Amino acid sequence: MIGISLNVMKTRGEHSFSKLPVFGARLYDWLLFKEPIYDGLREIAHDLVLETAGGNLLDIGTGPGRLLKEINLLNPYLELYGLDISASMIQLARKNLQDIPVNLLSGTIRHTKYENDFFNTITCTGSFYLWDYPEESLEEIYRILKRGHSAYLYEVYKDISENEYQLALKKNLRQLDWIRRILGPLALRKLLNLSYQTEDFSRIIEKTSFAESYTIEKISISGLPMWVRITLNKNPI
Ligand SMILES: C[S@@+](CC[C@H](N)C(=O)[O-])C[C@H]1O[C@@H](n2cnc3c(N)ncnc32)[C@H](O)[C@@H]1O
């Protein structure tokens, strides 16, 4: 019993998602599938499509699959893959993506069944901060990424100045209904608390095969300045 509770306490968040009921996945989707929050995913989709000429693209922690849908609208020739530790999220993604060809799988990025050097592009949005084994998971990304290609992680960083983010959030919230105006700041506060400082991202990456070649850029998404885009390059031999 003690062993179990210690184990649960140690998790960064992936454990709760792996047990998420279908209702929880639907609620998550309902809350986020709304302008201007949803515009953020469109911005990320544009960014990714610019970086990806063709081939296989994997979205880790795809959740309800909305990013894959936007990518498909921009470039229907990409072969899309989505992975999520939550079976409920994958069930919902199947429903949301029923009109487009996509390969969806429930499981953790720590160990996957994808072949070596398989993906032209790998991405993840707001999922890395939840992974209990970040270094091992980055090694897995390294294994399944093609040489000469990159992975792009979009995450929030918790050392953003409180003033800067509150100001941007205020503007953003004006466009939302009352329920999202109440829940939005609470969810964002929790996200920031759970996430990493910018230097933590570097500390983790430095322990992996990506240590030789990576960048961390601070960016705004949907007018919110608390994001980083982490580019991890697998160099050609
Ligand atoms: C905050 S949600 C983000 C969902 C989606 N990317 C979005 O932007 O709306 C984080 C997602 O990451 C998934 N996840 C957490 N840990 C994971 C892991 N180790 N492997 C794969 N997916 C994971 C969760 O189940 C959840 O769906």
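**Stop 1: the aromatic pairs.** Start with the rings. This is a predicted model, and it holds 11 aromatic pairs, counting ring centres that lie within 6.5 Å.

Select Y81 and Y114. Their ring centres are 6.2 Å apart and their planes meet at 85 degrees, so this pair is edge-to-face. Now zoom out a bit and follow the chain. Y81 belongs to strand β2, which covers residues 79-84, while Y114 is in the loop between β3 (102-106) and β4 (119-125). The pair therefore ties together parts that are 33 residues apart in sequence. Are these two buried or exposed? Both Y81 and Y114 are buried.

**Stop 2: another partner for Y81.** F118 is in the loop between β3 and β4 and Y81 is in strand β2, so here the parts being tied together are 37 residues apart in sequence. Y81 and F118 are both buried.

**Stop 3: charges over rings.** Next, pick R110 and Y133. R110 lies over the face of Y133, and its distance from the ring centre is 3.5 Å. Then jump to K234 and Y142. The charged end of K234 sits over the ring of Y142, at 4.8 Å from the ring's centre.

Time for some distances. Select I85 and look at its backbone: a polar atom there is 3.2 Å from a nitrogen atom of the ligand. Go on to T125, where a backbone N or O atom lies 3.0 Å from a nitrogen atom of the ligand. An N or O atom in the side chain of S127 is 2.8 Å from an oxygen atom of the ligand.

Finish by showing the surface. How much of the ligand's exposed area does the protein bury? On its own the ligand exposes 600 Å², and the protein buries 94% of that.

Note on methods
Residues are numbered from 1 along each chain as its sequence is written. This is a predicted model: local features need pLDDT of at least 70, side-chain atom pairs count only at pLDDT 80 or more; totals for chains, interfaces and linings use all residues. Side-chain values use heavy atoms; hydrogens and water are left out. Rings of Phe, Tyr and Trp (its six-membered ring) pair if their centres lie within 6.5 Å; planes under 30 degrees apart count as stacked, over 60 as edge-to-face and the rest as tilted. Helices (H or I, at least four residues) and strands (E, at least two) are DSSP runs, numbered from the N terminus. Buried means under 20% relative accessible area, exposed over 50%, partly exposed in between (1.4 Å probe, protein chains only). A charge sits over a ring if NZ of Lys or CZ of Arg is within 6 Å of the ring centre and within 35 degrees of the ring normal. A polar contact is a pair of N or O atoms within 3.5 Å; within protein, one must be able to donate a hydrogen and the other to accept it, and residues adjacent in sequence count only if both atoms are side-chain atoms. Accessible areas come from the Shrake-Rupley method with a 1.4 Å probe; for residues, only the protein chains shown count as cover.
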